[in-house]
Amino acid sequence: MRADEAEPVGRAEETAVLDRLLAALPGTGGSLVLSGGPGIGKTALLRHALHRAARRGIRTKEVAGIQPEPPLPYAGLRRLLAPVLPEAQTLPEAQRNCLSGALGMTASSVRTDRLKVAMAALALLCDRAHARPLLVVVEDAHWLDASSAQAISFLARRLRPVPVLMLIARRDGQPDNDFDDTGLERLPLTPLPGGAAGRLLDAQPAMAALRVTRPNLAIMRQRLLREAAGVPLALVELPLAPVGPDLVGEERPPLSDRLEQTFAHRYGRLPASSRSLLLAAALNDGDRLAEALGAAQRLAEPDQEPVTLEAVEVATTAGLVESSCGRLLFRHPLMRSAVRKSAGPTARQAAHQALAEQLATQPDRALWHHACGSQPPDPDIAASLESAARRAGARGDCSAAVETLLLASAFSDDPGRRGELLLRAADAAVGAGRFPRARRLLTEAGRLPLRPVDRAQLAWFLEVLGTGPWSDQDRVAQTVGAVERMRASGREECALEYLHAAAQRCWWTGLDDGLRKQVAESAGRFQLPHEDARLLSALACAAPVHTAREVRARLSQVTELSAETLPDLTNYALAACALGDFRESHRFLQVAVRMPADSGGTSARVEMLTAHAVTLLQLGRHQEALAAAETAVKESEQAGLVHHTAMAHLIAARASAALGDGARCASEVALGEEPLLALGAGPMLAEAQTARGLAALASRQYERAYGLLRRVFDRADPVYHSFVRHRALGDLAEAAAGAGDRPIAEARSWLDVLEPVADATGSPVLLAGVAHARAFLAEDRLADEAFAAGLARDPRDAPLLHARLRLAHGMRLRGQRRVRESRSALRAAREAFTALEAHPWETWARRELRATGAARGRTGSAPRDALTPQEERIVRLAAEGLSNREIAGRLGLSHRTVSTHLYRLFPKLGVSARGQLGSALERRAAAGAKG
């Protein structure tokens with residue numbers, strides 16, 4: 001792209017927007033999306049921005065999307081970062097390895113989690129911009145490969161704090177666009193008005209030539225203006241078109257076709273060497289001039305002149321391409337399209353084969369071109385493509401796996417096999433967060449003669465994606481049958497993944513105990529070590545009551561946590577969460593949160609973040625839980641994992657309720673409920689009820705709290721959940737005690753049901769809830785004994801419940817005029833609430849303490865009350881020993897932003913050195929457990 005253009009004609013308002021953003025550098029960065037139809041003038045505005053940036057001394061980086069037949073992973077991102085890749089050596093080792101593996105700089109089969117790749121790219125750009133502001137220009141973003149589009153979209157949303165401005169030009173109406181609905185500032189481009197269109201047309205050199213040769217120039221000018229319809233590209237190119245009958249006739253092809261005809265005519269008049277060069281360039285998935293020259297030379301006929309740089313000069317003079325810095329770029333995508341169409345299928349296949357030979361040292365790219373240059377079906381090519389897809393999947397590059405499997409299915413000669421490959425492509429599309437694409441692939445697979453096991457897998461995928469009914473009795477039974485058929489056919493790994501996903505889904509369904517046992521028994525038939533993470537997670541999620549003691553015993557035997565992968569640690573934590581053992585869950589998660597996600601993938605990371613949030617919440621670390629839930633929302637939204645996003649919102653709602661932020665709780669519940677209602681996911685709505693119930697309890701609205709929470713316990717209610725009620729039992733009993741005799745009697749009946757379950761399973765969260773419920777629901781003559789038993793329990797399993805029990809006990813003692821004992825209990829409750837940052841109960845305890853006649857005590861607050869969720873995350877990661885660069889990579893910030901945060905946080909935390917952060921957090925944790 002040239003950077004020497006004057007201000008585009010008729011675009012004064014648009015150029016003013018660009019100049020404003022450029023003037024803001026280096027104070028603040030940002031992003032802007034230029035959108036419009038083909039030829040509307042996006043390129044001219046980008047050139048204007050480059051010209052102004054050069055005059056201001058701003059560095060520039062450019063990349064253009066290429067419309068290849070086989071999109072390759074991270075091709076666009078690599079072209080964008082190519083000039084600064086040598087500086088990647090300054091990145092932390094984990095980021096450096098992740099980026100180099102994703103961009104093919106090193107041969108690696110290590111998973112390249114796309115979030116980690118994007119974070120590494122952000123760190124690289126931030127470092128580059130520190131010395132001098134940077135303008136990043138992305139043209140034809142709608143044709144970027146999926147991996148690059150996701151990474152660049154991630155970068156664009158995080159540039160405001162750093163001196164980087166990103167301009168993104170994309171065409172309207174493109175499906176699955178990563179730059180829609182991202183909250184980025186937009187600049188829509190419309191056709192030029194009449195006066196500006198006329199001035200641009202009259203300024204073209206071709207019009208001056210026509211004044212000499214065409215006596216009816218005025219009529220022709222009006223027709224050109226009408227046909228161009230204000231589209232700048234048409235106003236520039238149509239005067240160069242050959243004049244034919246269509247110019248004076250009433251019937252003319254669409255403008256894009258007319259322009260393509262113009263470019264095709266220009267292409268057809270070039271010598272054979274230039275045509276070969278442009279065809280190779282049009283079909284190449286890169287823009288390197290050397291690659292196009294080499295392929296064009298292979299295409300040359302024996303009697304044809306050698307393809308040299310002279311062919312490049314001829315094509316440049318014809319106005320079809322530009323060449324600079326070893327790159328060959330088409331001046332407009334319609335020119336690339338015109339070259340492809342003009343060549344015909346035979347010539348295109350020959351050019352692809354020439355490119356495959358030229359790229360022999362890059363096997364995956366060569367395979368793509370070899371496939372595109374071959375005629376299906378071809379089982380050998382299909383097998384090669386399937387192997388390439390497996391390599392892409394092993395690296396975590398789901399987008400590349402999707403495209404490779406699609407091409408493999410096209411080359412397969414077996415319809416059933418094609419269906420299986422389409423199902424695998426749909427699975428990879430889910431992993432890439434491309435849910436609409438996955439649904440289309442499943443629809444296509446459903447039209448093929450699938451084997452029974454694949455038909456069952458199709459039904460399951462449709463359900464998971466929300467296009468089929470929520471899991472029911474029949475569906476789960478079918479799942480178990482499908483798993484057994486997979487195992488019998490030798491697809492044991494696939495069967496285990498299928499059963500593991502089904503077992504996790506079972507957690508959120510109202511299945512009877514018989515079916516849950518079937519799922520657990522199916523899991524037990526796999527020949528796996530007793531400590532296998534997926535096995536334990538499946539057993540715990542499918543049938544937590546029946547497997548609780550066995551799974552807890554096996555989890556206790558897992559000790560060498562540093563040797564475990566992120567997915568395994570996540571599955572261990574999920575198993576512990578399902579059994580209500582959140583201290584055990586935290587044992588695994590405190591290792592998992594320190595690990596890079598390179599070995600796990602986006603889905604495992606999002607599951608880990610969600611489990612971490614709910615674990616912190618249950619352990620009374622409410623601010624940390626809120627921060628973790630916010631991170632889970634952000635990353636699950638980026639991955640398109642709807643259920644996880646909804647669940648993270650509901651965890652944030654419960655944390656907000658505990659912190660006393662009722663408005664935030666209501667907002668988070670609404671965000672979590674909406675997608676679940678649309679999916680008919682009734683049992684998951686139990687979490688919404690527990691959040692609302694806790695908020696009502698915090699404001700002492702007992703009848704409302706009871707009405708909300710009882711729905712989770714009522715089997716006839718759509719939001720009933722057999723296991724969420726384990727966590728809600730204490731809240732229900734406390735609400736019932738304040739709501740009257742009838743709720744108390746009803747709550748006692750549920751306590752009678754769950755008490756034997758608590759004893760049988762040893763579930764810490766259920767045992768804590770039972771102890772809490774016994775105290776609040778006991779008859780007056782038995783209450784003292786029940787309170788004493790509840791307060792004797794270890795408070796670490798449910799700190800908020802324990803503190804509330806102590807508050808209730810202190811109030812009971814005051815009512816009995818046992819003032820000294822009451823003051824002691826109420827002080828302990830107040831201190832516990834202060835440490836837990838449970839502000840509504842802290843205020844309540846302070847009032848009750850004053851009512852005993854105690855002097856006003858210290859009203860201190862938790863050490864980190866004034867910290868934002870972002871600051872919370874930074875402090876904890878710094879305390880865990882991560883460097884500023886590592887924290888920046890984890891949170892998607894620049895390392896200088898992290899440094900600034902920590903500089904401001906030290907006084908708030910009462911520390912003077914980084915090494916003191918761990919002690920500050922330990923003091924806070926100890927204060928949270930006190931009382």
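Predicted model: local features only at pLDDT ≥ 70, side-chain atom pairs only at ≥ 80, totals over all residues.
Trainee: Okay. How much of helix 28 is buried?

Mentor: Eleven of the 13 residues are buried, so helix 28 is mostly covered. Among the buried ones are Leu566, Leu569, Thr570 and Asn571. Tyr572, Leu574 and Cys577 are also buried.

Trainee: What do those buried residues pack against?

Mentor: Several helices. The buried residues of helix 28 pack against helix 24 (492–506), helix 26 (533–542) and helix 27 (544–556). They also pack against helix 29 (582–592) and helix 30 (602–618).

Trainee: And how far apart are the end C-alpha atoms of helix 28?

Mentor: They are 18 Å apart. At 1.5 Å a residue, the 13 residues of helix 28, 566–578, should span 18 Å, so the two values agree.

Trainee: Let me zoom out. How many helices and strands does the protein have?

Mentor: The protein has 46 helices and seven strands. Of its 931 residues, 59% are buried.

Trainee: What about the surface? How much of it belongs to carbon and sulfur atoms?

Mentor: Carbon and sulfur atoms hold 52% of the accessible surface. That surface comes to about 36,800 Å².

Trainee: And the contacts? What share comes from residues 24 or more positions apart?

Mentor: Take the contacts with a separation of 6 or more. Residues 24 or more positions apart account for 70% of those.

Trainee: Show me a helix pair. At what angle do helix 32 and helix 42 pack?

Mentor: The angle is about 20 degrees, and the axes are 5 Å apart. That makes helix 32 roughly parallel to helix 42. Helix 32 covers residues 642–659, and helix 42 covers residues 839–851.

Trainee: Which residues meet there?

Mentor: From helix 32, Ala657, Ala658 and Leu659. From helix 42, His839, Pro840 and Trp841. By class, this contact has five nonpolar residues, one polar and no charged.

Trainee: Is helix 32 mostly covered or mostly open, and how many of its residues are buried?

Mentor: Helix 32 is mostly covered, with 15 of its 18 residues buried.

Trainee: What comes just after helix 32?

Mentor: Gly660, with a positive phi of about 90 degrees.

Trainee: Which residues other than glycine have a positive phi?

Mentor: Asp140 is one, with phi near 55 degrees. Arg817 is another, with phi near 65 degrees.

Trainee: Buried or exposed?

Mentor: Asp140 is buried, with a relative accessible area of 10%. Arg817 counts as exposed, at 74% relative accessibility.

Trainee: You mentioned helix 41. What does Ser822 touch in that helix's surroundings?

Mentor: Ser822 lies in helix 41, residues 819–836. Leaving out residues up to four places away in sequence, Ser822 touches Gly810, Leu813, Arg814 and Thr852. Ser822 counts as buried, at 0% relative accessibility.

Trainee: And helix 6? Where is Ser147?

Mentor: Ser147 is in helix 6, residues 146–156. At 5% relative accessibility, Ser147 counts as buried.

Trainee: New topic. Which peptide bond is cis?

Mentor: The bond from Pro376 to Pro377 is cis, with omega near 0 degrees. Pro377 sits in the loop between helix 17 and helix 18 (379–394).

Trainee: How far is Leu367 from Thr404?

Mentor: Their C-alpha atoms are separated by 9.9 Å. Along the chain, Leu367 and Thr404 are 37 residues apart.

Methods. Residues numbered from 1 in each chain as written. Heavy atoms only, no water. Axes fitted to C-alpha atoms, helices over the stretch in contact; angles between N-to-C directions. Helix = DSSP H or I, 4+ residues; strand = E, 2+ residues; numbered from the N terminus. Parallel < 35°, antiparallel > 145°, perpendicular 65-115°, else oblique. Contact = heavy atoms within 4.5 Å. Nonpolar A, V, L, I, M, F, W, Y, C, P; charged D, E, K, R; others polar. Buried < 20%, exposed > 50% of the residue type's maximum accessible area, 1.4 Å probe, protein only. Areas by Shrake-Rupley, 256 points an atom, 1.4 Å probe, with all protein chains shown as cover. Expected span 1.5 Å × (residues − 1).
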